[in-house]
Amino acid sequence: MKCYNCGKELPDNSKVCLSCGKKVGERGASGKETFSGAAPTRQKGTKPKLSSFRIPLIVVSMISLLYILILYLLAR
């Protein structure tokens with residue numbers, strides 16, 4: 001991991017750059033972005049999006065289960 005401010009290589013568990021004193025992930029005066037290291041949070045009231053493969057996977061699974069059930073009932 002590198003310091004955004006001075007570019008010095010830092011240990012992975014660093015919270016402050018030993019070279020320039022900036023917090024890890026904090027950019028200098030020229031940088032607009034700051035990085036807190038925390039995971040992004042969801043806004044209240046919003047639902048997470050289902051990834052594009054999950055819905056077809058659920059549909060195929062349901063069709064497969066229905067097919068197996070029909071085969072089971074016909075075999076009796």
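The model is a predicted one, in which local features need pLDDT of at least 70, side-chain atom pairs count only at pLDDT 80 or more, and totals for chains, interfaces and linings use all residues. Residues are numbered from 1 along each chain as its sequence is written, and side-chain values use heavy atoms, with hydrogens and water left out.

The protein chain contains one helix and zero strands; helices (H or I, at least four residues) and strands (E, at least two) are DSSP runs numbered from the N terminus. Of its 76 residues, 8% count as buried. Buried stands for under 20% relative accessible area, exposed for over 50%, and partly exposed for values in between (1.4 Å probe, protein chains only). A contact means heavy atoms within 4.5 Å. Among contacts in the protein chain with a separation of 6 or more, 2% come from residues 24 or more positions apart. The chain exposes about 7,200 Å², of which carbon and sulfur atoms supply 61%; accessible areas come from the Shrake-Rupley method with a 1.4 Å probe, and for residues only the protein chains shown count as cover.

The table lists relative accessible areas.

| Residue | Class | Relative accessible area |
|---|---|---|
| Ser-14 | buried | 17% |
| Cys-17 | buried | 2% |
| Cys-3 | buried | 7% |
| Leu-71 | partly exposed | 42% |

The side chain of Ser-14 reaches the backbone oxygen of Pro-11 at 3.2 Å. Leaving out residues up to four places away in sequence, Ser-14 touches Met-1 and Val-24.

Cys-17 is also placed in the segment before α1. With residues up to four places away in sequence not counted, Cys-17 touches Cys-3, Cys-6, Lys-8, Leu-10, Lys-22 and Val-24. Cys-17 and Asn-5, twelve residues apart in sequence, are 8.8 Å apart in space, C-alpha to C-alpha.

The structure holds zero disulfides. Cys-3 is in no disulfide, and the nearest cysteine sulfur, that of Cys-20, is 3.6 Å away. A disulfide requires a pair of cysteine sulfur atoms within 2.5 Å. For Cys-17, the closest cysteine sulfur is in Cys-6, at 3.6 Å, which is too far for a bond.

Leu-71 sits in helix α1. Together with Ile-58, Met-62, Leu-65, Tyr-67 and Ile-68, Leu-71 makes a nonpolar surface patch of about 650 Å². Patches are made of residues with over 30% relative accessible area and no salt bridge; like charges are joined within 9 Å, and nonpolar side chains (Val, Leu, Ile, Met, Phe, Trp, Tyr) within 5 Å. A salt bridge is a side-chain nitrogen of Lys or Arg within 4 Å of a carboxyl oxygen of Asp or Glu.

Terms used:
Polar contact = N/O pair within 3.5 Å; in protein donor to acceptor, adjacent residues only side chain to side chain.
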